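Subject: Structure handover

Hello,

Here is the structure you will be taking over.

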Amino acid sequence: MTLEHIGIAVESEDQIRRFESLLQATPYKSETVAREGVQTLFFGDGGVDGNAPKLELLDATSESSPIATYLAKRGPGIHHLAFEVQDLKAEIRRMRALGIRPLADAPKPGADGKEIVFLHPKDTAGVLVELVQSVRQPVAWTTVDGPSGPLAVQVSGPEDAPPLLVLHGALGSTEMETDRLIRRWERSFRVLAPDMRGHGKSISISTGGVGWTDYTDDAITVLNTFASGPVAVFGFSMGAGVALALASRHPERVSRMATLGANVRWSEPEVRAMTEPMQPDVLASDTPFWASRLAEVHGDRWRQLVADVIRFTEALPSQPMPTEALAAIRCPTLIAHGDSDRFFDVSHAVELYREIPDASLWVLPGLDHPIQGVDPVSFADRIGSFLLDP
(Lines give C-alpha, C1' and ligand atoms only; values in the text may rest on other atoms or scores of the structure.)
Protein backbone atom coordinates (compact mmCIF):
# COMPACT_ATOMS: atom_id res chain seq x y z
CA MET A 1 0.00 0.00 0.00
CA THR A 2 1.53 3.30 -1.09
CA LEU A 3 0.40 6.92 -0.92
CA GLU A 4 -1.15 7.58 -4.35
CA HIS A 5 -2.45 11.13 -3.98
CA ILE A 6 -3.49 13.83 -1.56
CA GLY A 7 -6.97 15.26 -2.09
CA ILE A 8 -7.52 18.97 -1.42
CA ALA A 9 -10.94 20.62 -1.51
CA VAL A 10 -11.08 24.02 -3.19
CA GLU A 11 -13.96 26.47 -3.54
CA SER A 12 -12.87 28.95 -6.18
CA GLU A 13 -11.09 29.26 -9.50
CA ASP A 14 -8.61 31.56 -7.78
CA GLN A 15 -7.54 28.76 -5.44
CA ILE A 16 -6.94 26.46 -8.41
CA ARG A 17 -4.82 29.16 -10.09
CA ARG A 18 -2.91 29.58 -6.83
CA PHE A 19 -1.87 25.91 -6.88
CA GLU A 20 -0.85 26.24 -10.53
CA SER A 21 1.41 29.14 -9.56
CA LEU A 22 2.75 27.28 -6.53
CA LEU A 23 3.57 24.13 -8.50
CA GLN A 24 4.54 25.99 -11.70
CA ALA A 25 2.38 23.50 -13.59
CA THR A 26 -1.08 23.01 -15.00
CA PRO A 27 -3.20 19.94 -14.24
CA TYR A 28 -2.26 16.96 -16.39
CA LYS A 29 -5.87 15.82 -16.23
CA SER A 30 -9.27 17.32 -15.41
CA GLU A 31 -12.18 14.94 -14.96
CA THR A 32 -15.75 15.35 -13.75
CA VAL A 33 -17.32 12.56 -11.68
CA ALA A 34 -20.98 13.41 -12.19
CA ARG A 35 -22.24 10.86 -9.68
CA GLU A 36 -20.30 12.59 -6.88
CA GLY A 37 -20.86 16.13 -8.15
CA VAL A 38 -17.14 16.90 -8.26
CA GLN A 39 -14.56 18.08 -10.76
CA THR A 40 -11.11 16.63 -10.13
CA LEU A 41 -7.84 18.20 -11.28
CA PHE A 42 -4.63 16.17 -11.04
CA PHE A 43 -1.09 17.48 -10.72
CA GLY A 44 2.18 15.55 -10.79
CA ASP A 45 1.30 12.25 -12.52
CA GLY A 46 3.52 10.27 -10.18
CA GLY A 47 6.74 12.26 -10.59
CA VAL A 48 9.77 11.27 -12.64
CA ASP A 49 9.92 7.70 -11.33
CA GLY A 50 6.15 7.19 -11.18
CA ASN A 51 6.23 6.69 -7.41
CA ALA A 52 5.69 10.21 -6.05
CA PRO A 53 2.18 10.96 -4.78
CA LYS A 54 -0.03 13.14 -6.93
CA LEU A 55 -2.15 16.10 -5.92
CA GLU A 56 -5.90 16.03 -6.58
CA LEU A 57 -7.93 19.23 -6.32
CA LEU A 58 -11.64 18.70 -5.68
CA ASP A 59 -14.09 21.34 -6.86
CA ALA A 60 -17.85 20.91 -6.25
CA THR A 61 -20.07 21.02 -9.33
CA SER A 62 -23.35 21.13 -7.40
CA GLU A 63 -24.49 22.48 -4.04
CA SER A 64 -25.68 19.02 -2.98
CA SER A 65 -22.38 17.22 -3.63
CA PRO A 66 -20.34 15.75 -0.74
CA ILE A 67 -17.52 18.20 -1.50
CA ALA A 68 -19.92 21.15 -1.25
CA THR A 69 -21.10 19.82 2.13
CA TYR A 70 -17.49 19.41 3.28
CA LEU A 71 -16.59 22.96 2.19
CA ALA A 72 -19.63 24.39 3.97
CA LYS A 73 -18.55 22.73 7.24
CA ARG A 74 -14.76 23.03 7.10
CA GLY A 75 -13.77 25.28 4.22
CA PRO A 76 -10.98 24.52 1.74
CA GLY A 77 -8.08 22.28 2.74
CA ILE A 78 -6.86 18.70 2.85
CA HIS A 79 -9.84 16.44 2.23
CA HIS A 80 -8.36 12.92 2.14
CA LEU A 81 -5.31 10.72 1.70
CA ALA A 82 -5.48 8.05 -1.02
CA PHE A 83 -3.50 4.82 -0.94
CA GLU A 84 -2.96 2.55 -3.95
CA VAL A 85 -3.68 -1.16 -3.40
CA GLN A 86 -3.38 -4.20 -5.65
CA ASP A 87 -6.67 -5.91 -4.71
CA LEU A 88 -9.31 -3.50 -3.47
CA LYS A 89 -11.89 -6.17 -2.63
CA ALA A 90 -9.34 -8.04 -0.50
CA GLU A 91 -8.40 -4.79 1.26
CA ILE A 92 -12.05 -4.09 2.08
CA ARG A 93 -12.22 -7.51 3.78
CA ARG A 94 -8.94 -6.82 5.60
CA MET A 95 -10.18 -3.43 6.84
CA ARG A 96 -13.33 -5.00 8.27
CA ALA A 97 -11.22 -7.61 10.05
CA LEU A 98 -9.20 -4.77 11.60
CA GLY A 99 -12.37 -3.06 12.79
CA ILE A 100 -12.06 -0.24 10.23
CA ARG A 101 -15.36 0.48 8.53
CA PRO A 102 -15.46 0.97 4.73
CA LEU A 103 -18.09 3.53 3.69
CA ALA A 104 -19.31 1.23 0.90
CA ASP A 105 -19.84 -2.51 0.61
CA ALA A 106 -17.99 -2.76 -2.70
CA PRO A 107 -15.59 -0.70 -4.84
CA LYS A 108 -17.11 1.99 -7.04
CA PRO A 109 -15.74 3.91 -10.06
CA GLY A 110 -13.66 6.98 -9.24
CA ALA A 111 -11.57 9.48 -11.16
CA ASP A 112 -8.27 8.87 -12.98
CA GLY A 113 -9.07 5.30 -13.99
CA LYS A 114 -9.51 4.04 -10.45
CA GLU A 115 -11.95 1.99 -8.41
CA ILE A 116 -12.26 3.43 -4.92
CA VAL A 117 -13.63 3.02 -1.43
CA PHE A 118 -13.44 5.45 1.49
CA LEU A 119 -12.87 4.43 5.13
CA HIS A 120 -14.77 5.91 8.05
CA PRO A 121 -12.63 8.77 9.43
CA LYS A 122 -13.62 7.91 13.01
CA ASP A 123 -11.66 4.67 12.57
CA THR A 124 -8.57 6.37 11.11
CA ALA A 125 -7.77 9.11 13.63
CA GLY A 126 -10.15 11.60 12.03
CA VAL A 127 -8.46 11.40 8.62
CA LEU A 128 -10.59 10.47 5.61
CA VAL A 129 -8.70 7.65 3.87
CA GLU A 130 -9.40 6.48 0.34
CA LEU A 131 -8.21 3.14 -1.04
CA VAL A 132 -7.78 3.07 -4.81
CA GLN A 133 -7.02 0.41 -7.40
CA SER A 134 -6.06 1.22 -10.98
CA VAL A 135 -8.50 -0.30 -13.44
CA ARG A 136 -7.92 0.07 -17.13
CA GLN A 137 -10.96 1.01 -19.15
CA PRO A 138 -11.82 -1.32 -22.06
CA VAL A 139 -9.65 -0.54 -25.07
CA ALA A 140 -11.45 0.04 -28.34
CA TRP A 141 -10.14 -1.24 -31.67
CA THR A 142 -11.49 0.29 -34.81
CA THR A 143 -10.76 -0.16 -38.51
CA VAL A 144 -10.00 2.61 -40.99
CA ASP A 145 -9.60 2.39 -44.75
CA GLY A 146 -5.92 2.77 -45.57
CA PRO A 147 -4.43 3.34 -49.03
CA SER A 148 -4.03 -0.41 -49.55
CA GLY A 149 -6.77 -1.76 -47.31
CA PRO A 150 -8.02 -1.81 -43.70
CA LEU A 151 -5.81 -0.65 -40.83
CA ALA A 152 -6.60 -1.63 -37.22
CA VAL A 153 -6.22 1.20 -34.70
CA GLN A 154 -6.32 0.92 -30.90
CA VAL A 155 -7.99 4.02 -29.47
CA SER A 156 -7.87 4.81 -25.75
CA GLY A 157 -7.86 7.71 -23.31
CA PRO A 158 -10.25 10.61 -22.72
CA GLU A 159 -11.97 11.87 -25.85
CA ASP A 160 -11.14 15.48 -25.03
CA ALA A 161 -7.45 14.84 -24.28
CA PRO A 162 -4.69 15.91 -26.69
CA PRO A 163 -4.10 13.24 -29.38
CA LEU A 164 -0.98 11.07 -29.42
CA LEU A 165 -0.03 8.84 -32.36
CA VAL A 166 2.00 5.78 -31.27
CA LEU A 167 3.93 3.75 -33.88
CA HIS A 168 5.47 0.35 -33.11
CA GLY A 169 8.48 -1.31 -34.77
CA ALA A 170 8.97 -3.82 -37.57
CA LEU A 171 7.60 -7.31 -36.79
CA GLY A 172 6.04 -5.85 -33.67
CA SER A 173 2.54 -4.63 -32.90
CA THR A 174 0.78 -2.34 -30.48
CA GLU A 175 0.09 -5.29 -28.19
CA MET A 176 3.67 -6.59 -28.30
CA GLU A 177 5.62 -3.38 -27.92
CA THR A 178 3.83 -0.19 -26.96
CA ASP A 179 0.68 -1.14 -25.05
CA ARG A 180 2.37 -1.11 -21.64
CA LEU A 181 3.52 2.47 -22.33
CA ILE A 182 0.10 3.41 -23.65
CA ARG A 183 -1.37 2.39 -20.29
CA ARG A 184 0.47 5.40 -18.81
CA TRP A 185 -0.07 7.75 -21.75
CA GLU A 186 -3.81 7.16 -22.01
CA ARG A 187 -4.22 8.92 -18.67
CA SER A 188 -3.27 12.20 -20.34
CA PHE A 189 -3.70 11.61 -24.09
CA ARG A 190 -6.25 10.36 -26.58
CA VAL A 191 -3.96 7.60 -27.86
CA LEU A 192 -4.13 6.47 -31.50
CA ALA A 193 -2.07 3.31 -31.93
CA PRO A 194 -2.34 1.62 -35.34
CA ASP A 195 -0.99 -1.82 -36.07
CA MET A 196 1.24 -1.03 -39.02
CA ARG A 197 0.32 -2.42 -42.43
CA GLY A 198 0.77 -6.20 -42.39
CA HIS A 199 1.30 -6.35 -38.61
CA GLY A 200 -0.92 -7.54 -35.77
CA LYS A 201 -4.57 -6.88 -36.46
CA SER A 202 -3.94 -5.05 -39.76
CA ILE A 203 -3.88 -6.47 -43.28
CA SER A 204 -1.00 -8.19 -45.03
CA ILE A 205 1.50 -6.21 -47.05
CA SER A 206 0.73 -6.13 -50.76
CA THR A 207 2.74 -8.31 -53.13
CA GLY A 208 4.74 -5.33 -54.37
CA GLY A 209 6.25 -4.71 -50.95
CA VAL A 210 6.19 -1.54 -48.88
CA GLY A 211 8.41 1.48 -48.21
CA TRP A 212 8.66 4.53 -45.95
CA THR A 213 6.16 6.45 -48.08
CA ASP A 214 3.55 3.70 -47.69
CA TYR A 215 3.87 3.58 -43.91
CA THR A 216 3.78 7.37 -43.72
CA ASP A 217 0.64 7.46 -45.86
CA ASP A 218 -0.96 4.99 -43.45
CA ALA A 219 -0.08 7.27 -40.52
CA ILE A 220 -1.66 10.23 -42.30
CA THR A 221 -4.79 8.15 -42.88
CA VAL A 222 -5.06 7.54 -39.14
CA LEU A 223 -4.56 11.24 -38.37
CA ASN A 224 -7.12 12.32 -40.96
CA THR A 225 -9.63 9.92 -39.42
CA PHE A 226 -9.19 10.83 -35.75
CA ALA A 227 -7.53 14.26 -35.45
CA SER A 228 -8.20 17.56 -37.17
CA GLY A 229 -5.07 19.43 -36.05
CA PRO A 230 -1.46 18.73 -35.10
CA VAL A 231 -0.75 15.78 -32.79
CA ALA A 232 2.06 14.48 -30.62
CA VAL A 233 3.86 11.44 -32.05
CA PHE A 234 5.96 8.64 -30.56
CA GLY A 235 7.71 6.05 -32.72
CA PHE A 236 9.94 3.07 -31.95
CA SER A 237 12.50 1.66 -34.41
CA MET A 238 10.69 1.40 -37.76
CA GLY A 239 7.89 3.45 -36.20
CA ALA A 240 10.51 6.08 -35.31
CA GLY A 241 11.49 6.30 -38.97
CA VAL A 242 7.85 6.71 -39.93
CA ALA A 243 7.44 9.42 -37.28
CA LEU A 244 10.45 11.33 -38.64
CA ALA A 245 9.20 11.00 -42.21
CA LEU A 246 5.75 12.17 -41.12
CA ALA A 247 7.15 15.24 -39.34
CA SER A 248 9.33 16.06 -42.36
CA ARG A 249 6.66 15.63 -45.04
CA HIS A 250 3.75 17.02 -43.01
CA PRO A 251 5.21 19.42 -40.40
CA GLU A 252 1.78 20.99 -39.88
CA ARG A 253 0.44 17.69 -38.51
CA VAL A 254 3.04 17.09 -35.78
CA SER A 255 3.19 19.30 -32.66
CA ARG A 256 5.89 17.41 -30.72
CA MET A 257 7.69 14.14 -31.36
CA ALA A 258 9.72 11.53 -29.49
CA THR A 259 11.55 8.54 -30.95
CA LEU A 260 13.41 5.51 -29.62
CA GLY A 261 15.95 3.44 -31.56
CA ALA A 262 15.70 5.45 -34.80
CA ASN A 263 17.88 4.85 -37.87
CA VAL A 264 17.21 6.71 -41.11
CA ARG A 265 20.62 6.08 -42.73
CA TRP A 266 21.26 2.37 -42.93
CA SER A 267 24.54 0.70 -43.84
CA GLU A 268 24.85 -2.74 -45.44
CA PRO A 269 26.39 -4.24 -42.26
CA GLU A 270 23.41 -2.95 -40.26
CA VAL A 271 21.03 -4.56 -42.73
CA ARG A 272 22.82 -7.90 -42.39
CA ALA A 273 22.86 -7.67 -38.58
CA MET A 274 19.12 -7.06 -38.60
CA THR A 275 17.97 -9.47 -41.32
CA GLU A 276 20.17 -12.55 -40.89
CA PRO A 277 18.64 -13.62 -37.56
CA MET A 278 15.23 -12.61 -38.95
CA GLN A 279 15.07 -15.37 -41.60
CA PRO A 280 11.98 -17.50 -40.86
CA ASP A 281 13.87 -20.80 -40.71
CA VAL A 282 16.55 -19.27 -38.48
CA LEU A 283 13.90 -17.86 -36.18
CA ALA A 284 12.09 -21.18 -35.96
CA SER A 285 15.26 -23.13 -35.13
CA ASP A 286 17.34 -20.65 -33.08
CA THR A 287 14.67 -18.66 -31.26
CA PRO A 288 11.52 -20.83 -31.20
CA PHE A 289 9.90 -18.72 -28.49
CA TRP A 290 10.19 -15.60 -30.66
CA ALA A 291 8.87 -17.51 -33.68
CA SER A 292 5.88 -18.76 -31.68
CA ARG A 293 5.24 -15.23 -30.42
CA LEU A 294 5.24 -13.89 -34.00
CA ALA A 295 2.79 -16.62 -34.98
CA GLU A 296 0.59 -15.75 -32.00
CA VAL A 297 0.46 -12.04 -32.86
CA HIS A 298 0.51 -12.11 -36.67
CA GLY A 299 -1.15 -15.46 -37.33
CA ASP A 300 -0.27 -17.86 -40.13
CA ARG A 301 1.08 -14.98 -42.24
CA TRP A 302 4.06 -14.36 -39.94
CA ARG A 303 6.54 -15.99 -42.34
CA GLN A 304 5.32 -13.84 -45.21
CA LEU A 305 5.49 -10.75 -42.99
CA VAL A 306 9.09 -11.56 -42.08
CA ALA A 307 9.96 -11.95 -45.76
CA ASP A 308 8.27 -8.62 -46.54
CA VAL A 309 10.11 -6.82 -43.72
CA ILE A 310 13.43 -8.30 -44.85
CA ARG A 311 12.79 -6.99 -48.37
CA PHE A 312 11.85 -3.59 -46.93
CA THR A 313 15.01 -3.50 -44.79
CA GLU A 314 17.34 -4.55 -47.60
CA ALA A 315 16.23 -1.51 -49.61
CA LEU A 316 16.93 0.99 -46.83
CA PRO A 317 20.63 1.75 -47.57
CA SER A 318 19.49 3.27 -50.88
CA GLN A 319 16.81 5.38 -49.13
CA PRO A 320 18.63 7.56 -46.58
CA MET A 321 16.78 10.56 -45.17
CA PRO A 322 18.71 13.59 -46.44
CA THR A 323 19.85 16.49 -44.31
CA GLU A 324 17.29 18.82 -45.88
CA ALA A 325 14.47 16.44 -44.92
CA LEU A 326 15.58 16.41 -41.28
CA ALA A 327 15.97 20.19 -41.36
CA ALA A 328 12.33 20.42 -42.43
CA ILE A 329 11.23 18.97 -39.06
CA ARG A 330 10.11 22.00 -37.08
CA CYS A 331 8.53 20.48 -33.99
CA PRO A 332 10.38 19.95 -30.68
CA THR A 333 11.82 16.43 -30.90
CA LEU A 334 13.25 14.11 -28.25
CA ILE A 335 15.66 11.51 -29.66
CA ALA A 336 16.03 8.58 -27.24
CA HIS A 337 18.55 5.80 -27.83
CA GLY A 338 20.09 2.98 -25.82
CA ASP A 339 23.87 3.02 -25.58
CA SER A 340 23.89 -0.80 -25.78
CA ASP A 341 21.70 -1.05 -28.90
CA ARG A 342 22.86 -4.21 -30.71
CA PHE A 343 21.71 -2.98 -34.13
CA PHE A 344 22.30 0.77 -34.26
CA ASP A 345 25.17 2.70 -32.75
CA VAL A 346 24.25 5.74 -30.68
CA SER A 347 25.91 7.87 -33.37
CA HIS A 348 22.65 7.58 -35.33
CA ALA A 349 20.86 9.42 -32.52
CA VAL A 350 23.61 12.03 -32.34
CA GLU A 351 23.22 12.72 -36.08
CA LEU A 352 19.49 13.21 -35.68
CA TYR A 353 20.07 15.48 -32.69
CA ARG A 354 22.47 17.65 -34.69
CA GLU A 355 20.39 17.88 -37.86
CA ILE A 356 16.85 18.35 -36.51
CA PRO A 357 16.56 22.06 -35.63
CA ASP A 358 14.75 21.73 -32.27
CA ALA A 359 16.01 18.37 -30.97
CA SER A 360 16.99 17.02 -27.57
CA LEU A 361 19.05 13.86 -27.01
CA TRP A 362 18.39 11.23 -24.34
CA VAL A 363 20.88 8.36 -24.12
CA LEU A 364 19.66 5.49 -21.95
CA PRO A 365 22.54 3.63 -20.24
CA GLY A 366 22.61 -0.13 -20.75
CA LEU A 367 19.53 -0.23 -22.99
CA ASP A 368 19.53 -2.65 -25.93
CA HIS A 369 17.34 -2.15 -29.01
CA PRO A 370 14.11 -3.96 -27.97
CA ILE A 371 11.61 -1.55 -26.43
CA GLN A 372 10.70 -4.25 -23.91
CA GLY A 373 13.91 -3.27 -22.11
CA VAL A 374 12.69 0.16 -20.98
CA ASP A 375 11.13 0.68 -17.59
CA PRO A 376 7.49 1.30 -18.55
CA VAL A 377 6.79 3.82 -15.81
CA SER A 378 9.85 6.07 -15.86
CA PHE A 379 10.24 5.92 -19.66
CA ALA A 380 6.58 6.56 -20.41
CA ASP A 381 6.41 9.39 -17.90
CA ARG A 382 9.46 11.19 -19.27
CA ILE A 383 8.25 10.84 -22.85
CA GLY A 384 4.74 11.86 -21.84
CA SER A 385 5.97 14.94 -19.98
CA PHE A 386 8.00 16.02 -23.01
CA LEU A 387 5.09 15.53 -25.40
CA LEU A 388 2.71 17.44 -23.10
CA ASP A 389 5.05 20.40 -22.68
CA PRO A 390 3.33 23.36 -24.40
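Just after helix α9, G299 takes a positive phi of about 75°. Helices (H or I, at least four residues) and strands (E, at least two) are DSSP runs, numbered from the N terminus. This is a predicted model: local features need pLDDT of at least 70, side-chain atom pairs count only at pLDDT 80 or more, and totals for chains, interfaces and linings use all residues. Residues are numbered from 1 along each chain as its sequence is written, and side-chain values use heavy atoms, with hydrogens and water left out.

Helix α9

The helix covers residues 288-298, and its buried residues are A291, R293, L294, V297 and H298. Buried means under 20% relative accessible area, exposed means over 50%, and partly exposed lies in between (1.4 Å probe, protein chains only). What do the buried residues of α9 pack against? Their partners are α4 (174-185), α8 (280-286) and α10 (302-314). Contact here means heavy atoms within 4.5 Å.

The chain overall

The secondary structure comes to 13 helices and 16 strands. Of the 390 residues, 51% count as buried. The C-alpha trace spans about 70 × 45 × 40 Å along its principal axes. Now take the contacts with a separation of 6 or more: residues 24 or more positions apart account for 69% of them.

K29

K29 lies in strand β2 (residues 29-33). Is K29 buried or exposed? K29 is buried, with a relative accessible area of 11%. Leaving aside neighbours within four places in sequence, K29 is in contact with T40, L41, F42, D112 and R187. Q279 is 250 residues away along the chain, and the C-alpha atoms of K29 and Q279 are separated by 45 Å.

Two positive phi values outside glycine

Q24 has a phi near 55°, a positive value in a residue other than glycine. Q24 is found in the loop between α1 (13-23) and β2. At 74% relative accessibility, Q24 counts as exposed. L171 also has a positive phi, near 70°, and is a residue other than glycine. L171 is placed in the loop between β11 (163-167) and α4. L171 is buried, with a relative accessible area of 5%.

The cavity

A cavity is a set of points on a 1 Å grid over the protein atoms alone, where a 1.4 Å probe fits but cannot get out; lining residues have an atom within 4 Å of a point. Grid points are joined across faces, edges and corners, and a volume is the space filled by probe spheres set on the points. The count comes to one cavity of 30 Å³ or more. About 30 Å³ of space lies in the largest cavity. The lining consists of L151, P194, D195, M196, R197, Y215, D218, A219 and V222. Helix α5 (residues 212-226) gives the most to this lining, with four residues.

Best wishes

Methods. 1 Å grid on protein atoms, 1.4 Å probe; cavity = no way out; pocket = protein on both sides within 12 Å on 5 of 7 lines; lining within 4 Å.
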